[in-house]
2 protein chains.
Amino acid sequence: MGFERYESAGFMINLSARVFERRMAEALAPLGLSPAYLPVIFTLSATGPATQAELARSAEIEQPTMALTLRRMERDEIIYRVPDETDGRRAIVHLTSRAEELVPQVESIADDINSRAFDGLPAGSSAQLIDLLTRAAANLTQRPVE
Amino acid sequence: MGFERYESAGFMINLSARVFERRMAEALAPLGLSPAYLPVIFTLSATGPATQAELARSAEIEQPTMALTLRRMERDEIIYRVPDETDGRRAIVHLTSRAEELVPQVESIADDINSRAFDGLPAGSSAQLIDLLTRAAANLTQRPVE
DNA sequence: CCTAGATACATAGTATGCTATTCTATTTGT
DNA sequence: ACAAATAGAATAGCATACTATGTATCTAGG
C-alpha cells in the first residue's frame, strides 16, 4: 500500500500544506478569519498600511489572487481601503481596529499550530524544514532554460 | 523586509507547494494533464482499476474532491468508468489506453521536477524533507483534544 | 419481506490559487 | 502637448480543495 507516493517530495509537500491549512482554518474560524488573511494581517500589522501590489509581493501571491482575498477581507471587515490622493490608480489598505485587536490572538494561533507540528521532533527541526523548503522553492522558482 | 514570514513553517510549506504545483502544471500541460491527475494515474497504473473511494483514500483527498477530479479526467479522456455489475452504487475507474501510454513520460516529468528541487543540496535532502513533512503532517492530522 | 443504517457517489456552495485580459491612471519620450 | 508605455487594480475563467448535504443502493435485523 502507498507505493512510491510517500517518497515523493511533491506529494508530501502538497499533503502537508493541506493539513496545515485545514488546522489553521479551524483555529481561525471562531475569529471570523481565514488562512489566506494571515500574510495580509501580519504585513499590515508589522509595517502599516500598504497597497494591493505591496501586499501581493509580500505574500508572494499574484495580484489577482490578492484582489480576491482583499475583497473577502473587506466583506469581513478586517480591512478597509482609502483611495490614494496623489495617485488615482491606487488605494491604501488599512487594518480595521477590530482586526488590530485580534492580532495577538492570531499570532498565538499561528505559533501554536506551527509548534504543534514539531512536537516530539528534534530541536531545530522547524528551522531545518524551513531551510530545505526555501532552497527547494528557490530551485524551482526559475523556470527551466528551454 | 520579509519579517518573520520566512521563519514560519506554515508559510514556507504553502509557498513551496504552490511552486511545485505550478512547475508540474507547466510540464504536464503539453500532455493535456494537470497536477491533480498524478496520484490517480500513478495509483491506477500501479495497482489497476479502482473505485472512486479507493482513489480518494490513496491520494489522501476527500471524496467530493476526487469526484470532481475524475470528472475532469473523464472529460480529458484519461480515465473511463465501468459500472460495477455486483454493486449498483459503484463504478470501476480505468485508465484509457492513451493515458497508459503517457505513464512513462509522466513519471519522468514528476521525477525531473522532484530532483530539480534538490539541485545543489546535500545528498539525502529529499529523504530528510519527506521525513520532516511526514512527521509534521502526522502531528497535525489528529485534531487537538478539546 | 421490509425498514434502519451504512456505503458509494453526486451536488452545492465556498475559499484559494493561477493565467489572461481589460480598464483606468500615470509617466515618459518626442 | 500628446502618443505610447507602464503601473495599479479589476474581471473572467478555470483548477483544486474543503464541508455539508442529497440520492441511490446495499445489507442486516426483526
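The questions and answers below concern a predicted model of protein chains with a DNA strand.

Student: How many residues surround DNA strand C?

Tutor: The residues closest to DNA strand C are A:R72, A:G88, B:Q52, B:R71 and B:R89. By class, the residues of this surface divide into 12 charged, nine nonpolar and seven polar.

Student: Which helix of chain A supplies at least two residues of the surface near DNA strand C?

Tutor: Chain B supplies at least two residues from each of α1 (9-28), α3 (52-59) and α4 (63-75). On the side of chain A, the helix that does so is α4 (63-75).

Student: What is the distance from a phosphate oxygen of DNA strand C to an N or O atom in the side chain of A:R72?

Tutor: The contact here runs from the side chain to a phosphate oxygen, and the distance is 2.7 Å.

Student: At what angle do the axes of α1 and α5 of chain A cross?

Tutor: Two packed helices are described by the distance between their axes and the angle between them. The axes of α1 (residues 9-28) and α5 (residues 97-116) of chain A come within 10 Å. The crossing of α1(A) with α5(A) is right-handed. The angle is roughly 145°.

Student: Is A:I61 buried, partly exposed or exposed?

Tutor: A:I61 lies in the loop between α3 (52-59) and α4 of chain A. Beyond its neighbours within four places in sequence, A:I61 is in contact with A:A56, A:M66 and B:R18. Buried would require under 20% relative accessibility. A:I61 has 22%, so it counts as partly exposed.

Student: How many of the 10 residues of α2 of chain A are buried?

Tutor: The buried residues of α2(A) include A:L38, A:V40 and A:F42. Their cover includes α1, α3, α4, β1 (79-83), β2 (91-95) and α5 of chain A. The helix, residues 38-47, is mostly covered, and the number buried is seven.

Methods:
Residues numbered from 1 in each chain as written. Chains lettered and ligands numbered in written order. Predicted model: local features only at pLDDT ≥ 70, side-chain atom pairs only at ≥ 80, totals over all residues. Heavy atoms only, no water. Near = heavy atom within 4 Å. Polar contact = N/O pair within 3.5 Å; in protein donor to acceptor, adjacent residues only side chain to side chain. Helix = DSSP H or I, 4+ residues; strand = E, 2+ residues; numbered from the N terminus. Nonpolar A, V, L, I, M, F, W, Y, C, P; charged D, E, K, R; others polar. Axes fitted to C-alpha atoms, helices over the stretch in contact; angles between N-to-C directions. Left-handed = near helix turned anticlockwise from the far one by under 90°. Buried < 20%, exposed > 50% of the residue type's maximum accessible area, 1.4 Å probe, protein only. Contact = heavy atoms within 4.5 Å.
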